[in-house]
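I am opening a notebook page on a structure that I have not looked at before. I want to write down what I look up, one topic at a time.

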Amino acid sequence: MEKGVGERWNDVGEEMKYQITKKQCQESIRGICSYCGGKLEPIETVDNSGNPTFWVGCVPCGVFDNGTDPKTYEIAKKAGNGT
Ligand SMILES: [Zn+2]
């Protein structure tokens, strides 16, 4: 189950109320993916209460990520702080 979590909301036929709109999410993006250094974008999902929302994440990594500063990412990479 990777996509379509929010699709059932379309069937309800009522106004879709996002906790965070795509635009708000887009505007909140700061930096890059802390996993791959790639571009972050709004991903449609549901919050803990089952309400549709958009969270910042990295599609290729399949993760939600608030973003990291490109410089921080470079430093962390150089430090070899991984497995
Ligand atoms: Zn990524």
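**Ground rules.** I note that this is a predicted model, in which local features need pLDDT of at least 70, side-chain atom pairs count only at pLDDT 80 or more, and totals for chains, interfaces and linings use all residues. I number residues from 1 along each chain as its sequence is written.

**Layout.** I looked up the secondary structure and found three helices and three strands, where helices (H or I, at least four residues) and strands (E, at least two) are DSSP runs, numbered from the N terminus. From the N terminus on, I read the order of the elements as α-α-β-β-β-α. I then checked burial, calling a residue buried if 20 or more other C-beta atoms lie within 10 Å of its own, exposed if 12 or fewer, and partly exposed in between, with C-beta atoms placed from the backbone. Of the 83 residues in the protein, 12% are buried. For contacts (C-beta atoms, placed from the backbone, within 7 Å), I took those between residues at least 6 apart in sequence, and 54% of them join residues at least 24 apart.

**The sheet.** Which order do the strands take in the sheet? I find an open sheet of three strands in the order E1-E2-E3, with antiparallel pairing; two strands count as paired if DSSP finds at least two bridges between them. Strand E1 (41-46) and strand E3 (63-64) stand at the edges with a single partner strand each, so one side of each has no neighbour in the sheet. E1 and E2 are joined by six bridges, and I noted Thr45 with its bridge partner Thr53 in E2. E2 (residues 52-58) and E3 pair over two bridges, and here Cys58 has Val63 in E3 as its bridge partner.

**The turns.** In the hairpin of E1 and E2, five residues lie between the strands, and Gly50 has a positive phi near 85 degrees. The hairpin of E2 and E3 has four residues between the strands, and there Gly62 has a positive phi near 70 degrees.

Why is E2 largely enclosed by the rest of the structure? Five of its seven residues are buried, so the rest of the structure largely encloses E2. I looked next for nonpolar cores (sets of buried Ala, Val, Leu, Ile, Met, Phe, Trp, Tyr and Cys residues joined through C-beta atoms within 7 Å). The largest has six residues, namely Cys25, Cys33, Leu40, Phe54, Val56 and Cys58, and E2 gives the most to this core, with three residues. Leaving out residues up to four places away in sequence, Cys25 touches Ile20, Pro42, Phe54, Trp55 and Val56.

Is H3 covered or hardly covered? H3 is hardly covered, since the count of buried residues among its nine residues is zero. Tyr73 belongs to helix H3 (residues 70-78) and is partly exposed, with 18 other C-beta atoms within 10 Å. Beyond its neighbours within four places in sequence, Tyr73 is in contact with Ile32, Ser34, Gly37 and Thr68. I also noted that Tyr73 and Ser34 are 39 residues apart in sequence but 6.2 Å apart in space, C-alpha to C-alpha. After H3 comes Gly80, with a positive phi near 65 degrees.

Key. Two residues are in contact if their C-beta atoms, placed from the backbone, lie within 7 Å.
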